[in-house]
Amino acid sequence: MKNLSDNFLKNWQPMFPQGKLVKVYVIQTEPKVELSMKRSDLKKGKEEKEGDESDDEQDVQRCLDDILLDKFQDSDASDHDNHEEDDEEEDEDEVKEVDEAPKITFTTNKSKSDVQTVSDSVSLREVLEEEQESESEEQEELQNKEEPETKRGKSFEKREKKRKKEAAEEELRKIEMKSSSILDTEDDFEREVASKPDSGTSWVCYMAYWLGLGNVDKARLTAKRALDTINYRMEEEKLNVWSALFNLENSFGTHEGLMKVCKEAAAVNDSKTVFLRLAGVLGKSQKYQELDEVYSSVLLKKHKRSRKVWCSYCTTLATQDRLQEARDLLAKALKSLPKHKHIRTISHFAQTEYKVGDPNRGSTMFENILNTYPHRLDLWSVYLDKTIALNDADQSRLLLDRMIGLKLPIKKMKFFFKRYIDFEMVNGDEKSLYTIRTKAQEYLNSKDDE
């Protein structure tokens, strides 16, 4: 039994049923045979065989080197694009909901210095050429698949066998670790929290253990003990325990007890974070009356200059089919919030309209703010994403045509052209794709003439 695994196995019978084929390492044959299934011993035996398999290993290593070289080249190209900087101040306050599209960079001529400056990133011409090359590469790949098996194909099979073998070993290791980490008694949990005193997850699992046994008082005491034990610097871990205590009081206690616990948490943590977590607990349990009380009496009074609070309440009302109340909330939010938070707030309310309200109303809201701030790439991108999500290709093309017709800096225009090309590759055909590529080429030529 001692040689079954490097780790202690509490319950090994399910892992090794009778008749299962296993690989072992022969430790000794005299005076009696001793075998081992430990990974360390199997690895030792594998190293002893390396001399006999040197030729095969060299082929495998050669192929792996080729693959790694390709990956490094790809990563260099991606890092090159990712490190492109945008020096304009108006893009500092980006909307977090934006899914950034791939970027390309244009080249321009500066007439003042009479020196042609070439961007360090990929130009639009190069992107068009790369797309044509990728099509030819795909054709070559199809031809290679039809060719008979070569030495490279055999090497690929060897790599696949090795990968599957390593995956099986990793799965076995996970099973071993899982079997040795099952916590099902009070002593097991005590050892766990003693070894990880600052882990909020371990303490929450300990609370869940007591709740599973129906002992709510023990679960409360465990939560209090966790809050006294976890280091004061581990704020997020403590907040996780507080959230678990909110759920406990919400499910097994009274509303008065819940508010008392929440006030205790707010006294030692950030008040806004605590009450937003409480709002999340009440929302999940569909206690909407108590939820409205938390927002009206605490959050919207003490933290009315927080955009996060107003947006959270808007989402809460919209999910309760109280859409008109959510719409009326926008005017109150704009009166309370500083001006620099207005754009992102309106954007959030507009996105809520797309999700659960009227998309036309959301479109109107985006149009209003884009008429004032046409340089905001983040707003254009969110607006485009929401329009595409409606599966209206014609409306999406109208919006994209407007985007590429704007007179904005070249770094912003390349973003619009790239989004248009990506859209046509998914939703268009060869003709539409050729049309947008032609427009991009014409834009480049016009910039060269300048």
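Is R376 buried or exposed, and what relative accessibility does R376 have? The exercises below work through this and related points.

The structure is a predicted model, in which local features need pLDDT of at least 70, side-chain atom pairs count only at pLDDT 80 or more, and totals for chains, interfaces and linings use all residues. Residues are numbered from 1 along each chain as its sequence is written, and side-chain values use heavy atoms, with hydrogens and water left out.

**Exercise 1. Classify R376 and D378, and describe the contact between their side chains.**

Solution. Begin with the scale: buried means under 20% relative accessible area, exposed means over 50%, and partly exposed lies in between, with a 1.4 Å probe and protein chains only. R376 has a relative accessibility of 4% and therefore counts as buried. D378, with a relative accessible area of 6%, is buried. Next comes the contact, for which a salt bridge is defined as a side-chain nitrogen of Lys or Arg within 4 Å of a carboxyl oxygen of Asp or Glu. The side chains of R376 and D378 form such a salt bridge, with 2.7 Å from N to O. The structure holds 18 salt bridges.

**Exercise 2. Examine helix α7 by its span, its buried side and its opposite face.**

Solution. Helices (H or I, at least four residues) and strands (E, at least two) are DSSP runs, numbered from the N terminus. The expected span of a helix is 1.5 Å times one less than its number of residues. Helix α7 covers residues 216-229, and its 14 residues should span 20 Å, which agrees with the 20 Å between its end C-alpha atoms. Now look at the residues that are buried in α7, namely V216, A219, T222, A223, A226 and L227. They cover an arc of only 135 degrees around the axis, so they are on the same side of α7; the arc is that of the directions from the helix axis to the C-beta atoms. On the face turned away from this buried side, α7 carries the exposed residues D217, L221 and D228.

**Exercise 3. Explain how R220 and D217 are placed relative to each other in α7.**

Solution. R220 and D217 are three residues apart in helix α7, and therefore they are separated by about one helical turn. Their side chains meet in a salt bridge of 3.3 Å, N to O. R220 is partly exposed, at a relative accessible area of 24%, whereas D217 counts as exposed at 51%.

**Exercise 4. Describe the salt bridge between D385 and R419, and state which parts of the chain the pair ties together.**

Solution. The side chains of D385 and R419 meet at 2.8 Å, N to O, in a salt bridge. D385 lies in helix α16 (residues 377-389) and R419 in helix α18 (residues 410-427), so the pair ties together parts that are 34 residues apart in sequence. D385 counts as partly exposed at 23% relative accessibility, while R419 counts as buried at 10%.
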